Amino acid sequence: MENEKTSIFGKIKGVLGFKKNFVPLEHKVTKSGKRSDSSKQEDYKVDRTLLKEAFLRDPAIRAPIMTDVDNIAVGYKFEVKDDSSEAEEQKALAEVLFKRDNFMQKWRNVQLNLGVFDDAFMETQIYLEKGQTKFDTFIIDTPSIEIKHKTNGEIDYYRQMLQGKEVGKIKPNKVIHFVFNQFGDRDYGMSLVGCAMYSLAVRKYIEKFNISIFKNHKPRGLWLFPEDMSDDTYNDNVDLIIEGKNDPNKDLFLRGVGVDFKSFLDQKDVDFLKGYDMSRAEIIMCLGVPPILLGLPEGSNKANSDTQLQGYDRRVTAKQKYFAYMINTQLLPKLMLDKITFVPEKSSKRDEIRELDIVNKMKGIITLN
């Protein structure tokens, strides 16, 4: 296991309260292996418990990921490949089967796992009931899954571990492994949350500092009254100051000569808030969601917001196409549905509006020549 002092996540382990931080996965391939040389190296991944806790604890991570889920998994339909009656029958059957499996919720589950871990495992169980093919899918808890390999690098089975004990083995043909970001032949994905860990660590340090300041900060200031002020006048002034604290819009009128107030607060005491905002911005940038979609309009205007949303729409489309590809190549063939395709619905009409705007602006310009 990699030395804790050299691990890129070693510094934040204590902040987040985890026992493990960086996990090497043994992955051996013989020289005659069927996979490329990149698969002969060890697979490294961030401890998934760390990623899950980061998602659960920090709104700057949770909000962008849930925004992705809401924009990617918005709905689906089936399209026929030809105009045959068999294609129409397959389409009708698929709509019934997928609705029965509550597939919309399964898709959101997959997308959530991809957002946090960049790994999602869907177990498929296909069976016959009264002569009709049916299926059930189950989204396995990603942190519980380990991939075990044969000596030639091929996947042998998926092992599920709970509380350090093996509770099940699943054959590769029973699992659809979704992974969106990979290096070479590596089997594990690269979580975007992983690249935000340093910024998250900064936020946690700042939060702890903020709490300590809130609990143990020095008094805000000191009221100075003349030495010869009578006790009654002094008590009246103190009561008036305390009353004014509870009503900040009220002016204070103090009797006495030489009454003064000295503040103990220093601007440096609150400079850490800038770092807090900067770490949040870095996390959001890493996760690839425009701040305007998270209710953070700072620094945004119509021009750059449109550009940000256009780029985000492309990312959403890419992730939808990947999910559709996996369903069309790994699930529909098992159901013998070869004349239809799974098609995700778009979450917005911004692309169509932009294209229509371009067409309208070019009216009278485009010709056959």
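Visitor: Where does K130 lie?

Guide: K130 lies in the loop between β4 and β5 (132-140). Strands (E, at least two residues) and helices (H or I, at least four) are DSSP runs, numbered from the N terminus. This is a predicted model, in which local features need pLDDT of at least 70. Residues are numbered from 1 along each chain.

Visitor: Why is K130 called exposed?

Guide: Exposed means over 50% relative accessible area, buried under 20%, partly exposed in between (1.4 Å probe, protein chains only). K130 has 88% relative accessibility, so K130 counts as exposed.

Visitor: What is the phi of K130?

Guide: Phi of K130 is near 55 degrees, a positive value in a residue other than glycine. Most residues other than glycine have a negative phi.

Visitor: Which loop holds D118?

Guide: D118 sits in the loop between α5 (103-117) and β4 (120-129). D118 is not a glycine, yet has a positive phi of about 60 degrees.

Visitor: What makes D118 buried?

Guide: The relative accessible area of D118 is 2%. Buried means under 20%, so D118 is buried.

Visitor: Which residues of α4 are buried?

Guide: They are A87, Q90, A94, L97 and F98. These cover an arc of only 90 degrees around the axis, so they are on the same side of α4. The arc is that of the directions from the helix axis to the C-beta atoms. On the other side of α4, S85, E89, V96 and K99 are exposed.

Methods. Predicted model: local features only at pLDDT ≥ 70, side-chain atom pairs only at ≥ 80, totals over all residues. Heavy atoms only, no water.
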